[in-house]
Amino acid sequence: MATTEQLPPPPGLPGSGDENQEREFARKLAERYRFAFIDLREQRIDAELFRTIPADLMFRYNFVPLELQNNVLAIAAADPGQVQMSDELPLLLGKKLLIRVATARQISDILKRTEQSQRVLEQATEAFTLQTSKEEEESEETISGDRLTRDSTASPVVRLVETIIFTALERRASDIHIEARDTEVAVKYRIDGVLQHAMQPIAKEWHATVLSRIKVLSDLDIAERRVPQDGRFRVKYKGRYIDLRVSIMPASHGEDAVLRVLDKETLSEKFSSLTLDVVGFSDEETRRFRRYIREPYGMVLVTGPTGSGKTTTLYAAINEIKSDEDKIVTIEDPVEYQLRGITQIPVNEKKGLTFARGLRSILRHRFINMGVEPYNFVSALNCIMAQRLVRVICKSCKRPKRYSPQELQEAGLDPAVWSDVTFAEGAGCLECSGTGYHGRTAICELLDLTDRIREMIVDRRPTSEIKRVACEEGMTALRESGLAKIRAGITTVKEINKVTFVE
């Protein structure tokens, strides 16, 4: 039976009420003290400067640093009077202060995102590695609101695992990876499809107890370390339930764990209004794909590796074509998101419900009764779409970038064509955790199954020849779709080269 844990909510916002009222209050406060009012959403926070300021001071005086010039530190404060009256703050910082005023909500959001996401994690890790007792509390008690930062009685193992999960949710991670190495244990988050180190590696002697804690939460056998195990548990975070699917795998240096985050409640709301417009295809690709999914019969095939966005594309297509007049049945492994009005069948290998058996059942109930033979169904393929996901440049730290002819040549781009193009990149900021990217978009290659293409496939012609003919008939290659995203300043050369071949 799955375990449910209560994860702590983020720190409460100091300001209450409507956001416009907060802004008006902050403006009047700024006028009263004769300081400038700023909107932090329009300001770029310097991540390096932020790390030099003691966290306890920022929380105590409710401010964030903006910039440092000639030993003058510009800060945004929610209560300028408190900062102005303090002799301690300039002394401890060793700098003159230039005070500006921002809303308490905006300052709290920034402090929550940085402190809760990184420094609390580092402090939890530090307490964990310094702990000498190896006893683990395997109780199933609920985590209270501020336990991560204040409960000193919790086992360091329990505290670390809870903090790792909490931080992953705060940073939009889709997976948590705990990897055993020869002398240490690495913890990584997958954010926007890319693995990032969550913190400094922890001591190897704690590996077994961390894995045991995860197994206890997932109702797995803590004594079994030689074969893979799969389980799941549930946490409550910001008032909603989030499932974590756990996979334990034996490796050369010990067991590895992967925790897949499934935020079904939030994604169900998102998918209920999902359309192809938000997937990221070009207008022409979207128009053509819509035409095929609305055909009266035939098959649409969407291909791509794990994590390439196929599920999102198919759910968006289903959302656009579903109606009360038609019955739509899906077979999924697993059913990741619930779609209203759709019959979704989960694959269950243990009970004999395989994809093949489910498909036969659907054909028997729908198509054969309509007089459509299965071999005709295969020949009725309308189109094939290959897609990939690429990261989007962070809007908060986006900046122009130029490449030399040699760099363009090395990236597989013709300098004669690309030398005058101004590229874009993300410098790295607090919004994107220093990566320069925030979110993902899709690129695709849509092959129309014309009569000529069908004949070539039946004749088993070479793939290169089929692709050449398809391009002659108007197909946009996967790499060209990606290069269009570069020209539009949406993504980078590095991202496109990561998911497409240089031709």
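Helices (H or I, at least four residues) and strands (E, at least two) are DSSP runs, numbered from the N terminus. The model is predicted: local features need pLDDT of at least 70, side-chain atom pairs count only at pLDDT 80 or more, and totals for chains, interfaces and linings use all residues. Residues are numbered from 1 along each chain as its sequence is written, and side-chain values use heavy atoms, with hydrogens and water left out.

**View A. R172 in the loop between α8 and β6.** R172 lies in the loop that runs between α8 (156-170) and β6. R172 is not a glycine, yet its phi is positive, at about 65°. The relative accessible area of R172 is 39%, so this residue is partly exposed (buried means under 20% relative accessible area, exposed over 50%, partly exposed in between; 1.4 Å probe, protein chains only).

View B. Strand β6 covers residues 175-180, and six of its six residues are buried, so the strand is largely enclosed by the rest of the structure. Both faces of β6 are covered. One side carries D175, H177 and E179, the other I176, I178 and A180, and all of these are buried.

View C. Strands pair here if DSSP finds at least two bridges between them. β6 pairs with strand β7 (residues 184-191) in the antiparallel sense, over six bridges. I176 has Y189 of β7 as its bridge partner. Three residues separate β6 and β7, and the two strands form a hairpin. β6 is also joined to strand β12 (residues 254-262), by four bridges, and these two run antiparallel. In β12, V258 stands opposite H177.

**View D. The open sheet of β2, β5, β4 and β3.** Four strands make up this open sheet, in the order β2-β5-β4-β3, and the pairing is mixed. β2 (36-37) and β3 (63-69) are the edge strands, each pairing on one side only. β3 and strand β4 (residues 72-77) run antiparallel and are joined by six bridges. Q69 has V72 of β4 as its bridge partner.

**View E. N70 in the loop between β3 and β4.** The loop between β3 and β4 holds N70. Phi of N70 is near 50°, a positive value in a residue other than glycine. N70 counts as exposed because its relative accessibility is 77%.

**View F. Packing of helices α11 and α12.** Helix α11 (residues 283-293) packs against helix α12 (residues 310-321) at an angle of about 65°, and their axes are 10 Å apart. Axes are lines fitted to C-alpha atoms, for helices over the stretch in contact, and angles run from 0 to 180 degrees between N-to-C directions. The crossing of α11 past α12 is right-handed (left-handed if the near helix is turned anticlockwise from the far one by less than a right angle, right-handed if clockwise). On α11 the contact is made by F289, R290 and I293, and on α12 by T313, A317, E320 and I321 (contact means heavy atoms within 4.5 Å). These residues divide into four nonpolar, one polar and two charged (Ala, Val, Leu, Ile, Met, Phe, Trp, Tyr, Cys and Pro count as nonpolar, Asp, Glu, Lys and Arg as charged, and the others, Gly among them, as polar).

View G. Zero disulfides are found in a search of the whole structure (a disulfide is a pair of cysteine sulfur atoms within 2.5 Å). C383 is in no disulfide, and the nearest cysteine sulfur, that of C444, is 9.9 Å away. C383 is buried, with 0% relative accessible area, whereas C471 is partly exposed, at 35% relative accessibility.
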